[in-house]
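Okay, thanks everyone, let's get going.

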Amino acid sequence: MQLPTPQRLYQKTGLQLKERILSGLYGEGNRLPAERDIAEELGVSRTVVREALIMLELQGLVEVRKGSGIYVLSPPKEPIPSKTEDEDNALSAGPFEMLQARQLIESQIAALAATLITKSDILELMEISKQARDEDRYQDSEWDKRFHLQIAKSSQNAVLVYLVEKLWYQRDKNLLWQKLHDRIDNRQSLDSWCDDHDVILKALIRRDASAAHQAMWQHLENTKEMLFKASTLEEEDELDYYLFADKVVLKE
């Protein structure tokens with residue numbers, strides 16, 4: 001049966017690597033070439049390679065050994081299909097693509113919210129932040145989602161609330177995101193995003209649209225860097241933090 005034609009760049013890259021594994025070019029038990037070399041050979045960014053490798057990991061074709069690399073496993077007798085091939089277009093997005101979209105959309109929402117936010121909105125955000133600080137489970141907090149949704153609600157625009165809800169639905173259901181998120185140091189993540197939320201909240205309280213935009217942009221930039229570090233598979237990667245070398249988006 002012919003698989004659907006992949007639409008995302010990471011899916012196309014993953015399919016190329018998968019064909020090499022199934023053909024025996026990358027033999028069972030062997031270490032794949034360095035991520036840097038794969039990216040250069042295939043003409044894609046390293047974030048794309050990382051998303052492709054997570055896709056292959058979900059299919060049971062490779063094994064990640066932190067600090068050592070990616071190793072080829074024995075192909076399953078009945079290969080596990082990637083659910084991203086069957087999901088809708090939004091759910092097939094890679095984690096870094098998702099964050100790029102959130103950064104563009106949610107920073108603008110925060111700026112609008114700063115001009116329209118009410119006292120009750122601010123009190124709700126303060127309560128959410130307090131609950132987030134008090135919770136024990138750091139890594140993938142429901143309070144994080146509630147904070148971002150409340151900012152969207154503070155924009156007084158139901159369409160924007162809907163967009164943020166859809167972005168979070170995508171985040172919650174996306175298998176690549178889940179796999180990558182499991183690698184985050186959850187003790188560091190709570191303090192990081194709670195501190196970021198505090199900066200955003202202070203800008204909203206001051207009704208400073210520019211500062212709110214900048215704070216939200218920086219928060220999601222910090223999240224991208226956290227995920228990039230969490231996806232690092234090779235020890236020498238520590239010097240490479242440039243995320244979107246092939247798709248640069250500059251803020252004003």
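Let's start with the contacts: taking those in the chain between residues at least 6 apart in sequence, 75% join residues at least 24 apart. Contact here means heavy atoms within 4.5 Å. Before I go on, the caveats: this is a predicted model, where local features need pLDDT of at least 70, side-chain atom pairs count only at pLDDT 80 or more, and totals for chains, interfaces and linings use all residues. Residues are numbered from 1 along each chain as its sequence is written, and side-chain values use heavy atoms, with hydrogens and water left out.

Now the layout. The chain has 10 helices and two strands; these are DSSP runs numbered from the N terminus, with helices being H or I of at least four residues and strands E of at least two. Reading from the N terminus, the order is α-α-α-β-β-α-α-α-α-α-α-α. Of the 252 residues, 49% are buried, and buried means under 20% relative accessible area, with exposed over 50% and partly exposed in between, using a 1.4 Å probe and protein chains only. The accessible surface of the chain is about 13000 Å², and carbon and sulfur atoms account for 51% of that. Those areas come from the Shrake-Rupley method with a 1.4 Å probe, and for residues only the protein chains shown count as cover.

On to helix packing. Two packed helices are described by the angle between their axes and the distance between the axes. Axes are lines fitted to C-alpha atoms, for helices over the stretch in contact, and angles run from 0 to 180 degrees between N-to-C directions.

First pair: how do H1 and H2 pack? Helix H1, residues 9-23, and helix H2, residues 35-42, pack at an angle of about 110 degrees with their axes 12 Å apart. So H1 is roughly perpendicular to H2; the cut-offs are under 35 degrees for roughly parallel, over 145 for roughly antiparallel, 65 to 115 for roughly perpendicular, and oblique for the rest. H1 brings Thr13, Gln16, Leu17 and Arg20 to the contact, and H2 brings Ile38, Glu41 and Leu42.

Staying in H1, look at Ile21. Ile21 counts as buried because its relative accessibility is 4%. Beyond its neighbours within four places in sequence, Ile21 contacts Tyr26, Leu56, Leu61, Val62 and Val72.

Gln150 is in H6, which spans residues 142-154, and at 10% relative accessibility Gln150 counts as buried. Setting aside neighbours within four places, Gln150 is in contact with Asp121, Glu124, Leu125 and Ile128. Gln150 and Asp121 are 29 residues apart along the chain, yet their C-alpha atoms are separated by 7.3 Å.

Last stop is His219, in helix H10, residues 209-230. Buried or exposed? His219 counts as buried, at 2% relative accessibility. Not counting residues up to four places away in sequence, His219 touches Asp144, His148, Trp193, Asp196, His197 and Ile200. The side chains of His219 and His148 are joined by a polar contact of 3.2 Å. A polar contact is a pair of N or O atoms within 3.5 Å; within protein, one must be able to donate a hydrogen and the other to accept it, and residues adjacent in sequence count only if both atoms are side-chain atoms.
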